[in-house]
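Here are my notes on this one, written as numbered points. Keep the viewer open while you read, and check each point as you go.

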Amino acid sequence: MSMGRFLLRRLLQGVFVIWGVVTVVFLLRFVTPGDPITFIAPLDAPPEVRQNIARELGLNKPLYVQYGEYLFNLVQGDMGYSYINSTPARQRIFNRLPATLELAVAASIVAVVISIPLGVISATRRHEPADYAATTFSLVGISTPNFWLGIMLVLVLAVGLGLFPTSRRAIGFLPAIEMLLTDLDPGGLVTWLWHITLPAITLGTYFTALITRLTRSGMLDELGKTYVRASRAKGLPETLVRYKHVLRNTLIPVITVLGLQLGTLIGGAVITEAVFNWPGLGTLVINAINDRDWVLIQGSLVVIGAGFVIVNIAVDAMYAYINPQVRSE
Amino acid sequence: MISELLSKLFGGVWETVRGGVSPRTARNLRKEFRNSLLAKLGVVLVVAAILVAAFAPVLAPHDPTTQNLDGSSLPPLGFSKETTQTSSEMVNGSIEVVNETVYVEADPNHPLGTDSLGRDMLSRAIYGARTSLMVGFLGTAIAALVGVTVGLAAGYYGGRVDDALMRSADVMLAFPSLVLAVALVGLFGKVSIPVPDPLVALGVESGMPDSFVLPGTVILVVGLVNWVWFARVARGEALSIQSEEYVKAARSVGASDGFIIRKHVLPNSVTPILVLATIQIAAIILLESSLSFLGFSGTTLSWGFDIAQGRDYLATSWWISTIPGIAIVLTVIGINLVGDWLRDALDPGIEGEGGGP
């Protein structure tokens, strides 16, 4: 199968999954107990007021009509208006999205940059001190709840030593870049970096540990295979064998797992945001759930779910590019 | 002996697990255990955590819920706390405010200190093990039950059934487990089930809470959020087993699908499911602590809950957040080490499955 056809098939599957996500999110309101109107109307509101609210929000229509309208509006990018303060949900969500994306990307960069070299060192120097250090780090890393790690970082580096701020995102990445380009002032970028360091470490540690483990064990597996012996026997330099042949084959399963674990990254972002008071999607979702602001709950869950599906398609495309076998499946 | 006890307690499940572990596998497990220091450490940590949870009322020095505002925020043994005490005094006819630095010393009655309401940290850490392990084991059991059933059916029948089940699994996977769990617990409400504590009921220990609160919604939700991982693994196994000669043979002599799945497919998929279950217990314990931390739990005796409480006192009382976190890390390291031992010995080929917190 050509790369183009493979991508097309994956995209079609993705559209179906996103449709499933939207449907599940929509139905969630109908299977959970509690009438949304009770959260909107005053406690002593007479029934007429309640009926008016229901009519205004379209909640009195039959389920399939509401579903149809929801899909119809969503396709046009309209997610409705917040039950609590009538702001457009789309605007609220997309205002918050950059903060979450910055955090997730920063954490992923930290993770990949540290973990793959660490895994390689660990595998190629098996049973040496460097290997023990790396395996201990990765075991502790996958066993530590990230929110607690964040609090400990705050305790030691922010409260104790005063090196970093305890919370908050002072400036966004794009405004910081803009400041650099228009005013030639790197101050914004420095402030951005200073604020995102602890949250990025908090979110990135689990993945750093996970990828280190996967790289190490994958590389050890590959190093034991016959093609490695053959390459060495025909006199290929060790660096070529290790980094061109072995590492490439090791990265294939690593990428699969990364795609699968993407949800963990987003879930981790939610809790990291809670620890650092980071104004992202996670804090928005939690507040919306506490307020039963259904429009906002549905909107953010759809964005999170759809984002997961889209990034996964990208991961699959990357995977198919590296490993042509996949395309023929 | 242990084997008999387990088979009495869990009946069919235990028989299936035992049937699925061949003598050769058992030999590998023993060999790996003997050679691996880490495997031994893992088993020690896990057994310790289980014993602490089981005998919490006997081990805890105080009732973990008793407040004592006169002895609040006491530091652990070996530490002292510096606080400023403000008092006003009459000096020469006018009121003066005096700030005085006082050192609060640790109280040997509270070796790990107390929290902001004067509750004993050691006792809370001990009782917290109950919540974590209960949610970890019960949640994993629910996830395995749902996931293995769905996965075996999908892999065995293939075709439309497989497509439908696996597409719904894809939809489930699109929601991060923590986000989905927060949404479900938040929207369905927190259900707390008080379970009488047998040790207190039998009079072995008095002065301890006479019932233990099980966070019902949380257990159900963490199970339902994580079934997908079991479904994926079970499907893969069923897919390869259903084309084996012995399955065809069974089919040709008229064995029903249910019989084949129960007697052939399931026992042969036990190894990877077992390894996955171990990883899942660790993941679910981390998930439970995250939920409790965010305030989506049904109990206040939880490590995650205590960490959240200690956040407000980070600058003055570091131990309130620190101690429960160490308890979580030790427990999860233990479970992960056991998982590594099983994986190295059984080699089920499921590296990286199973989702984090």
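**Notes on the two chains**

1. Start with a helix pair: α7(B) and α10(B) pack at an angle of about 145°, with their axes 10 Å apart. Helices here are DSSP runs of H or I with at least four residues, strands are runs of E with at least two, and both are numbered from the N terminus. The axes are lines fitted to C-alpha atoms, for helices over the stretch in contact, and angles run from 0 to 180 degrees between N-to-C directions. The crossing of α7(B) past α10(B) is left-handed (left-handed if the near helix is turned anticlockwise from the far one by less than a right angle, right-handed if clockwise).

2. Who meets whom there? B:Met166, B:Ala169, B:Met172 and B:Leu173 of α7(B) meet B:Val228, B:Ala231, B:Arg232 and B:Arg235 of α10(B). That contact holds 6 nonpolar, no polar and 2 charged residues. Contact means that two C-beta atoms, placed from the backbone, lie within 7 Å. As for the classes, Ala, Val, Leu, Ile, Met, Phe, Trp, Tyr, Cys and Pro are nonpolar, Asp, Glu, Lys and Arg are charged, and the others, Gly among them, are polar.

3. Some ground rules before going on. This is a predicted model, in which local features need pLDDT of at least 70, side-chain atom pairs count only at pLDDT 80 or more, and totals for chains, interfaces and linings use all residues. Residues are numbered from 1 along each chain as its sequence is written, while chains are lettered from A and ligands numbered from 1 in the order in which they are written.

4. Now look at the other partner of α7(B). The axes of α6(B) (residues 121-157) and α7(B) (residues 159-174) come within 7 Å and cross at roughly 145°, and this crossing is left-handed. On the α6(B) side you'll find B:Val150, B:Ala153, B:Ala154, B:Gly155 and B:Tyr157, which meet B:Gly159, B:Val161, B:Asp162, B:Leu165 and B:Met166 in α7(B). By class, that gives 7 nonpolar, 2 polar and 1 charged.

5. Is α8(B) enclosed or open? With 10 of its 12 residues buried, α8(B) is largely enclosed by the rest of the structure. A residue is buried if 20 or more other C-beta atoms lie within 10 Å of its own, exposed if 12 or fewer, and partly exposed in between, with C-beta atoms placed from the backbone. The cover over its buried residues includes α12 (262-276), α13 (281-291) and α14 (294-322) of chain A, plus α10 (216-241) and α12 (257-294) of chain B.

6. At 1.5 Å a residue, its 12 residues (177-188) should span 16 Å, and its end C-alpha atoms are 16 Å apart, which agrees (the expected span is 1.5 Å times one less than the number of residues). Just after this helix, B:Gly189 takes a positive phi of about 90°.

7. Next, the place where the chains touch. Here 39 residues of chain B are in contact with 47 residues of chain A. On the chain B side, α7, α8, α12 and α14 (319-346) each supply at least two residues. That side has 23 nonpolar, 12 polar and 4 charged residues.

8. The largest nonpolar core has 166 residues, and those with the most contacts inside it are A:Leu103, B:Val179, B:Ala181, B:Val182 and B:Phe230. Such a core is a set of buried Ala, Val, Leu, Ile, Met, Phe, Trp, Tyr and Cys residues joined through C-beta atoms within 7 Å. The most to this core comes from α12(B), with 19 residues. Not counting residues up to four places away in sequence, A:Leu103 touches residues including A:Ile196, A:Leu203 and A:Trp278.

9. A:Leu189 and A:Ala176 are 13 residues apart in sequence and 4.9 Å apart in space, C-alpha to C-alpha.

10. Chain A has 14 helices and 0 strands, and 36% of its 329 residues count as buried. Chain B has 14 helices and 4 strands, with 46% of its 357 residues buried.
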